Amino acid sequence: MTTSQRHYIMSHIRSFDTRPEQIVRHELWRRGYRYRKCVRNLPGTPDIVLPKYHTVIFVNGCFWHGHDGCFKYTIPKTNPDFWKNKITKNKERDRTNTLRLESIGWSVITLWECELKKSNLENTIKRLEEKLDENLLVWENYRRKRRIDRQFAMEQAKRKREINAILEAELYAEHHIPQRIRRLSKSDL
């Protein structure tokens, strides 16, 4: 493959509404789960967000996110240093986004492209449903405790403000976002 051919192919790979995402969304919808997709005001722009369950789902491609032990994850022989660096950065970004989401109270589920083959799909969706049921119980218990215990609610609100301040500082350090825009986006969180 020539450089221009590879560039053309790679430039047409989408980052959202991929086939694996569509498979998962279709199965969730068919089973009665309602969701939002690609929510931009959450760290990492999760592929699927289930607010009722306070859960986000990332549907990762095995190659692009470096699924260890998967046959789809092989480093190309052309320019291997570039690809190793790129996939390492993707893995690190995934870890950071997962930690950020968990720190603000979201449960994170990661599904891999290889788990969504027809032979594995039913088992994968069953495991996903079990995890969603667990997350629903955890989220309802948290909300119940927050309603009952005022001190707990105040601590949680303080924690959320601290996390928002950290995220705001990181955004400013990375992108130099003006103060006026940060104030406007703060109301979205």
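Mentor: Helices are DSSP runs (H or I, at least four residues), numbered from the N terminus. Here, α2 passes α4 in a right-handed crossing. This is a predicted model, where local features need pLDDT of at least 70, side-chain atom pairs count only at pLDDT 80 or more, and totals for chains, interfaces and linings use all residues. Residues are numbered from 1 along each chain as its sequence is written, and side-chain values use heavy atoms, with hydrogens and water left out.

Trainee: Which residues of α2 and α4 make the contact?

Mentor: Contact means heavy atoms within 4.5 Å. From α2 come Ile 23, Val 24, Glu 27 and Leu 28, and α4 supplies Leu 121, Ile 125, Leu 128 and Leu 132.

Trainee: And the cysteines: how many disulfides does a search of the whole structure find?

Mentor: A disulfide is a pair of cysteine sulfur atoms within 2.5 Å. The search of the whole structure turns up 0. Cys 70 has its nearest cysteine sulfur, that of Cys 62, 3.5 Å away and is in no disulfide. For Cys 114, the closest cysteine sulfur is also in Cys 62, at 3.7 Å, which is too far for a bond.

Trainee: Is Cys 70 buried or exposed?

Mentor: Buried means under 20% relative accessible area, exposed over 50%, partly exposed in between (1.4 Å probe, protein chains only). Cys 70 is buried, at 10%, and Cys 114 counts as buried at 14%.

Technical notes. A crossing is left-handed if the near helix is turned anticlockwise from the far one by less than a right angle, and right-handed if clockwise. Helices (H or I, at least four residues) and strands (E, at least two) are DSSP runs, numbered from the N terminus.
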